[in-house]
Amino acid sequence: MGFKDLEIKKLIKNTYPCECGLVHNPGMERIEISEKGIEEGVNFILTKAKGCIMVISDEITYKIAGTMVIDKLKEKNQDTLSYIIPLKNNVAVVPNESTIGETLIRMPQGIDFFVAVGSGVVNDVTRNISYHLGKKYVVIGTAPSMDGYASSTSALIINNLKESCPGQVPIGIFADIDILKNAPYTMLTAGFGDVLSKYNAVREWRFGRDLNNEHYCEEIAGLIWKAADKCSDSAALLKQRDKKAVENIMEALILSGIAMGMYTNTRPGSGAEHHLVHYWDVEYIKRGWEHPLHGNSVGVALCVICRLYDIVKDKLPVKVMDIETEEIEGILKNAGCETDPKALGIPEDIFRDSIMYGHIMSTTKYTVLTHLNKYDKKLLEKCSEILTKHYYS
Ligand SMILES: [Zn+2]
Ligand SMILES: [Zn+2]
């Protein structure tokens, strides 16, 4: 049995010398997503922290879970500090150089252990700072909204551009299932969309393997695929905030993060759909707008890229995996996710340009957009026209 078939808690217990030539190391010690998630998390932190603990949250996650975590830690470790990343002019916090810099400036010296309470931004900021200070951290998740929990890199905005910056895998991921299931519904759909996009990520990875002889690992791809399947199976129950469905999505998000971490590269879990989203996000940031939640954009971009493949697949030099566009759209709709860029609020000009220039968002990851830009710009232009017409007229 390969490691792709292992349950997540078993998977993280070992390191795997693999047939692909790499040694895959999950680099994590504990995962607990249950009614006792926070309690278990606090106990784990107390066994790991040897000195001062810094708990980082934002104004929302502090109220949801941060205050509880801090109180429980303080009962056993007086040396527990809290930093709440402040909202600026009531705008959502952006994980940029200013937020990271201010968080560091407000922090005393001598911190031994970090705890991130939150999902996207709080996790990215804590991951980056703890990495640079050479200290370990755990994350206490508050929403199943993104797959970065187990990632080894931080997605930060530097000079208005999204960059994958150095970081580290948290040694533990904990979450209280009752907190997760009561997260705003847009956060649940975001997590769902992010995981579902893994189908296309694997398609693109195989495309790179078949066309360019790119390194590929069947076991890691299998893990990623399993995460996407886990999500699809829970689609219908998500709207009811069913505990099992939410738990499945959180596990799938963690699993896909672990798979990327084990490959030490985001290749297994993100393809052209992520490049479209990064393009949209960067344009929004340039215009001073708040962009949609990552995973909600990713779900929509997944549909767009599926339609793009429908247009070009017979013209590509290698056969690509068939992923049924209607089926993907059906699964997303079933879970209450958006499937249309116009309905998501993406302006037509940004959408049109993203098809043409989305490939710029990564110079190292070969996707269908990279390929068309390199070998058939006319076809790429045609895709941009057809897809814009499809969604915007
Ligand atoms: Zn491998
Ligand atoms: Zn993503």
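Helix α4 passes helix α5 in a right-handed crossing; a crossing is right-handed if the near helix is turned clockwise from the far one by less than a right angle, and left-handed if anticlockwise. This is a predicted model, in which local features need pLDDT of at least 70 and side-chain atom pairs count only at pLDDT 80 or more, while totals for chains, interfaces and linings use all residues. Residues are numbered from 1 along each chain as its sequence is written, and chains are lettered from A and ligands numbered from 1 in the order in which they are written.

Two packed helices are described by the angle between their axes and the distance between the axes. For α4 (residues 97-105) and α5 (residues 120-132), the angle is about 60° and the axes are 10 Å apart. Axes are lines fitted to C-alpha atoms, for helices over the stretch in contact, with angles from 0 to 180 degrees between N-to-C directions. The pair is therefore oblique; under 35 degrees counts as roughly parallel, over 145 as roughly antiparallel, 65 to 115 as roughly perpendicular, and the rest as oblique. Thr99, Ile100, Thr103 and Leu104 of α4 meet Val125, Asn128 and Ile129 of α5, where contact requires C-beta atoms, placed from the backbone, within 7 Å. Four of these residues are nonpolar, three are polar and none is charged.

Let us turn to a second pair. Helix α9 (residues 218-233) and helix α11 (residues 243-263) have axes that come within 8 Å and cross at roughly 165°, so α9 is roughly antiparallel to α11. Their crossing is left-handed. Contributors to the contact include Leu223 and Lys226 of α9, and Glu251 and Leu255 of α11. By class, this contact has 11 nonpolar, two polar and three charged residues.

What of the protein chain as a whole? It holds 18 helices and 10 strands, these being DSSP runs numbered from the N terminus (helices H or I, at least four residues; strands E, at least two). The C-alpha trace spans about 65 × 50 × 40 Å along its principal axes. Of the 393 residues, 51% are buried, that is, with 20 or more other C-beta atoms within 10 Å of their own; 12 or fewer means exposed, and in between, partly exposed.

Finally, histidine 390 lies in helix α18 (residues 377-392). Histidine 390 is partly exposed, because 14 other C-beta atoms lie within 10 Å.

Methods: Contact = placed C-beta atoms within 7 Å. Nonpolar A, V, L, I, M, F, W, Y, C, P; charged D, E, K, R; others polar.
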